Amino acid sequence: MTVIDKPALLATVEPGRSECFIPTPCVQNHASFIHVLPDGALGCVWFGGTQEGIPDISVHLSRLEAGATRWSAAEKLSDDPTRSEQNPLLFTTPSGALWLLWTAQLGGNQDTALIRRRVSHDSGRTWNAVEEMIPEKPGFGTFIRSRIVVNPRGEWLLPIWRCTKPPEGAWTGNLDTSSVLISADEGKTWRESAVPGSTGCVHMSIVPHGAALVALYRSRWADNVYRSVSHDGGETWSAPQPTELPNNNSSVMALTLASGAIALMYNESSAADATGRRASLYDDIGGAEVVASMSREAFWGAPRAPMSIALSHDGGITWPHRRNLEVGDGFCMTNNSKDKLNREFSYPSLCQSADGALHLAYTYWRQAIKYVRTDENWIKA
């Protein structure tokens with residue numbers, strides 16, 4: 001049974017948890033971002049097409065209206081025939097406009113990525129033309145994944161990472177570093193603040209914690225989720241340090257809940273759980289045995305399962321509450337969704353509505369985006 005044949009109708013599967021799949025016309029669906037829209041509906045964006053890196057990969061949007069039990073049909077919001085358009089995110093500005101940001105790259109070359117934008121003034125029902133917000137820069141690409149955060153001064157913080165190409169050969173991820181783009185004029189201009197010591201730490205997810213800002217990161221080394229802190233509104237950051245949570249070189253996303261707790265979605269796995277790798281990145285330098293002996297090389301192919309959610313009450317230092325949303329072997333040694341071999345649960349996102357409900361979305365086997373509605377008590381159960 002293929003994933004997308006499963007019912008798309010929202011249904012309760014256990015006390016405190018309802019779920020469904022979001023309708024999609026695409027063979028591959030990945031990197032969702034869920035958001036409460038200005039009109040109170042939920043919006044979910046993701047990239048879909050035949051396979052990541054191919055130019056038919058485009059951004060799609062679906063809505064779940066208040067009280068509805070089925071997400072709307074997917075609407076394509078980008079369509080560049082020359083670039084793979086990936087990693088969309090949504091942001092509601094203080095004035096109520098809805099921003100859609102995403103990356104666009106040439107093939108699998110993340111060092112060519114730039115950031116594009118569309119803006120809606122009616123909660124995503126209509127959109128202005130595509131704009132280039134952060135252009136391509138020689139030597140590195142600019143990638144995004146996590147939400148924009150507004151600091152107490154009213155500045156907008158957009159976490160990015162720089163996909164840096166080595167002096168020789170193609171991009172591998174070994175040299176990626178994180179930064180924050182800061183805007184004091186509501187996105188008209190941006191300045192960059194680099195995170196020190198962040199090589200290998202990407203997908204920076206910023207959340208408020210008391211008077212500080214905490215950032216949590218994916219690790220290219222597939223060892224642990226990393227953490228850093230800012231005490232000046234995101235202007236400067238401590239160097240990222242490993243937390244007690246594992247990471248498998250796959251995406252994480254955090255959210256400060258209404259209770260003050262930090263929720264983090266991630267995979268409870270790491271390189272230690274890997275029995276194989278995606279060999280294509282390693283054959284040209286001697287295969288997995290050689291790579292295993294090398295230090296600080298990006299590790300690809302660790303299982304992308306289980307899909308987990310955890311809670312912290314001390315700013316991301318300890319995580320006493322953890323619960324799995326999905327379990328499985330997390331096989332991710334191929335991105336070929338046509339053959340339906342991938343079994344990863346990955347690239348999670350989350351938001352909280354005014355009623356306290358948690359809304360989660362994540363990749364299910366690269367065939368579909370799964371939506372789950374739950375609450376903080378379910379995580380603690």
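# A chat about strands, rings and cysteines

Reader: Let's start with Arg191; which strand is it found in?
Author: In this predicted model, Arg191 is found in strand E15, which covers residues 191–194.

Reader: Is Arg191 buried, exposed or partly exposed?
Author: Arg191 counts as partly exposed, because its relative accessibility is 36%.

Reader: And what is Arg191 in contact with, leaving aside its neighbours within four places in sequence?
Author: With those neighbours left out, Arg191 is in contact with Glu155, Val180, Leu181, Ile182 and Glu235. For Glu235 there is also a polar contact, made between its side chain and the side chain of Arg191 at 2.5 Å.

Reader: How far apart are Arg191 and Leu181, in sequence and in space?
Author: Arg191 and Leu181 are 10 residues apart in sequence, and their C-alpha atoms are 5.5 Å apart in space.

Reader: Leu181 sits in E14, then; which residue is its bridge partner?
Author: The bridge partner of Leu181 is Leu158, and the pairing they belong to joins E13 with strand E14 (residues 177–183) in the antiparallel sense, over seven bridges.

Reader: What else does E13 pair with?
Author: Strand E11 (residues 140–143) runs antiparallel to E13 and is joined to it by four bridges, with Phe143 standing opposite Trp161. Strand E12 (residues 149–150) also pairs with E13 in the antiparallel sense, here over two bridges, and Val149 has Leu157 as its bridge partner in E13.

Reader: How many residues lie between E12 and E13?
Author: Five residues lie between E12 and E13, which form a hairpin, and in the turn Gly154 has a positive phi of about 90°.

Reader: Why is E13 said to be largely enclosed by the rest of the structure?
Author: Strand E13 spans residues 156–164, and eight of its nine residues are buried, so the strand is largely enclosed by the rest of the structure. One of its residues is Trp156, which counts as buried because its relative accessibility is 2%.

Reader: Changing topic, how many aromatic pairs does a search of the whole structure find?
Author: The search finds nine aromatic pairs. One of them is formed by Phe21 and Tyr364, whose ring centres are 5.1 Å apart and whose planes stand at 80°, so this pair is edge-to-face. Phe21 lies in strand E2 (residues 17–21) and Tyr364 in strand E25 (residues 358–364), so the pair ties together parts that are 343 residues apart in sequence.

Reader: Are Phe21 and Tyr364 buried or exposed?
Author: Phe21 and Tyr364 are both buried.

Reader: You brought up Trp156; which ring does it pair with?
Author: Trp156 pairs with Phe91, and since their ring centres are 5.0 Å apart with the planes at 70°, the pair is edge-to-face. Phe91 lies in strand E7 (residues 84–92) and Trp156 in strand E13, so the parts tied together here are 65 residues apart in sequence. Phe91, at 5% relative accessibility, counts as buried.

Reader: Going back to Phe21, which residues do ring pairs link into a cluster with it?
Author: The cluster links Phe21 with Phe345, Tyr364 and Trp365.

Reader: Where do arginines lie over the face of a Trp?
Author: Arg117 lies over the face of Trp99, at 4.4 Å from the ring centre, and Arg323 lies over the face of Trp378, at 3.9 Å from the ring centre.

Reader: How many disulfides turn up in the whole structure?
Author: The search finds zero disulfides.

Technical notes:
Residues are numbered from 1 along each chain as its sequence is written. Side-chain values use heavy atoms; hydrogens and water are left out. Buried means under 20% relative accessible area, exposed over 50%, partly exposed in between (1.4 Å probe, protein chains only). Two strands pair if DSSP finds at least two bridges between them. Contact means heavy atoms within 4.5 Å. A polar contact is a pair of N or O atoms within 3.5 Å; within protein, one must be able to donate a hydrogen and the other to accept it, and residues adjacent in sequence count only if both atoms are side-chain atoms. Rings of Phe, Tyr and Trp (its six-membered ring) pair if their centres lie within 6.5 Å; planes under 30 degrees apart count as stacked, over 60 as edge-to-face and the rest as tilted. A charge sits over a ring if NZ of Lys or CZ of Arg is within 6 Å of the ring centre and within 35 degrees of the ring normal. A disulfide is a pair of cysteine sulfur atoms within 2.5 Å.
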